[in-house]
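Let's take a walk through a protein model together. Keep the sequence and the 3D view open, and look up each part as we get to it.

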Amino acid sequence: MYLIDISRNGKPSYDARVNQSLDNYFVNDLKLPGHGFMFYINQPSVIIGRNQNVWAEVDVDYLHDHDIQLVRRTSGGGAVYHDMGNFIFENILTDNADDFGDYGHFAEPVLKALRKLNIDVQMKENSSDLILDGKKWSGMTMFKSGQGLAAGGTIMYDLNIENAKKVLTEDQMEKQKGLGVRSKRSPIINLKDFLPDGMTMADFREYLLKEIFSVKSLDDIETYHMTDQDWANADKRLAETYGTDEWNFGHNPGYYDYADKELSEGKLGINWTIEDGKLVHLKFNPFFKVRGLNEIETGLAGKKPSSWNVKRAVKKAGIENIDDDELIDFLMVNFDKSE
C-alpha cells in the first residue's frame, strides 16, 4: 500500500471540490497499480451523494451565508458535513474490486488503530457507519468502476457539530416530493475527548498513518506525489464537471434542467422541470440574500411557464433586490429552451 500525496506546490489541498473529485481521477484515469491510500482534510463543506436532491438535504441559505462549499460526490451515500476538524480517508484500487461493498474490510485498519488506544469503536450493524457509544464518528461510501474502486469515510476529530446540524437541515416540502436518495440522520460524536490527553490533530494524523501503514516513521511510507500533469488533468475535470455549480447544485434527481446567471445583485441559479408543458418543479438558488423567491416557486407550480404567468408570479412576489424585468427575462429565456 502507498500513500497518495495530494499537496500542491508543497501546500495541502483543502478545497473540497478538488479533493472529492480526485478519487474518480485515480480510479478512472490515472489507474496506478496496487493499493493507494488518500488522507486529507476539507474546508467547511457539505458532501452529498451523486443521486441526492440538495434541496431536500441542505439549508442552502445557511450554506451560502457561512461560505460552506457544496460538493456532489461521484459515488452514492448520504449528505455529510466536513470541516478542518475532520479527516477523510480513501482506499484507491484500480485492478481489484473483489471487496466492493464490504465496508468492514476497508474500515478495519482505522478501527484497529483506535482500539489500540482503548477506544471502543464499532461498525454499526447493517450500516456503513462507524460508531462510538452508539453515535456516529464516521460515515463511509464507495464506488466501483470496472475493476477499480474507491472506498473510505470520515474521521471526526473535532468537527463543528453545531454547524453540521444547522446546515444539514431538511426542507420538509422538498422531502415530501420524494426526489432522490434520502440521508439517514444519526447523532454524531467527536473522537477528541476519547483520545489520550494532549493528542493534537497533527499527533492523531501521524498516529493513524503509522498504524495503518505499520511503520515507525512517516518517512518510511511509500508515497506517490501528484505531478504537474496530474494537477492539469484534475483542473480540466473540475472546469468541465466537478467544480461547476451545474454539477454540484444542478444535478438533482427530478430536476431536469439547471441554469445560472450573474444578475445585478449577484449570482442566481434555478433548477426546474417542465412536463406536458407545465412547471412541475422549480427551485431558486440565490448566492446572495434575497427574500420572496419561494413565492415565485409556489406561484408557478403546476402552471405553464408562459410569459404572462411568469410576469404575474414575479410581480406578485415583490422582490426588493432583484430587478423584475431582469428576473423575468432570465426565467423566460431558460424555460423557452427546455420546452
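Over residues 31–220, how much of the chain is helix and how much is strand? Over that stretch the chain is 26% helix and 28% strand, and the C-alpha atoms at its ends sit 23 Å apart. Helices here are DSSP runs of H or I with at least four residues, strands are runs of E with at least two, and both are numbered from the N terminus. An unreviewed UniProt entry annotates residues 31–220 as "domain: BPL/LPL catalytic". UniProt positions are given in the numbering used here, feature names are shortened, and such annotations may be inferred rather than shown by experiment.

Before going on, a word about what you're looking at. This is a predicted model, in which local features need pLDDT of at least 70 and side-chain atom pairs count only at pLDDT 80 or more, while totals for chains, interfaces and linings use all residues. Residues are numbered from 1 along each chain as its sequence is written, and side-chain values use heavy atoms, with hydrogens and water left out.

Now zoom out to the whole chain. The C-alpha trace spans about 70 × 45 × 35 Å along its principal axes. A compact globule of 339 residues would have a radius of gyration near 20 Å, and this chain has 22 Å, which agrees. (That radius is taken over C-alpha atoms, and the globule rule is 2.2 Å times the number of residues to the power 0.38.) Of the 339 residues, 52% count as buried. Buried means under 20% relative accessible area, exposed means over 50%, and partly exposed is in between, using a 1.4 Å probe and protein chains only. Take the contacts (heavy atoms within 4.5 Å) with a separation of 6 or more: residues 24 or more positions apart account for 70% of them.

Next, look for charged pairs. Side chains of opposite charge can pair when their charged atoms come close. For a salt bridge, a side-chain nitrogen of Lys or Arg must be within 4 Å of a carboxyl oxygen of Asp or Glu. The structure holds 15 salt bridges. One of them joins Asp-245 and Arg-17, with the closest N and O atoms 3.2 Å apart. Asp-245 lies in helix 9 (residues 245–248) and Arg-17 in helix 1 (residues 16–30), so this pair ties together parts that are 228 residues apart in sequence. Are these two partners buried or exposed? Both Asp-245 and Arg-17 are buried. They also belong to a network of salt bridges that links Arg-17, Asp-245, Asp-260 and Lys-267.

For another pair, find Asp-158 and Lys-192, whose closest N and O atoms are 3.6 Å apart in their salt bridge. Asp-158 is in the loop between strand 10 (148–156) and helix 5 (161–167), and Lys-192 is in the loop between helix 6 (172–177) and helix 7 (201–213), so the pair ties together parts 34 residues apart in sequence. Asp-158 is partly exposed, at 37% relative accessible area, and Lys-192 is partly exposed too, at 39%.

(The expected span is 1.5 Å times one less than the number of residues.) Among the buried residues of helix 12 are Leu-327, Ile-328, Phe-330 and Leu-331. What do the buried residues of this helix pack against? Their partners are strand 12 (257–263), strand 13 (266–275), strand 14 (278–286), helix 10 (293–300) and helix 11 (307–317).

Finally, visit a few loops. Asn-9 has a positive phi of about 55° although it is not a glycine. You'll find Asn-9 in the loop between strand 1 (2–5) and helix 1, where it counts as exposed at 74% relative accessibility. Asn-118 also has a positive phi, near 65°. Asn-118 sits in the loop between helix 4 (103–115) and strand 7 (121–123), and is exposed with a relative accessible area of 76%.
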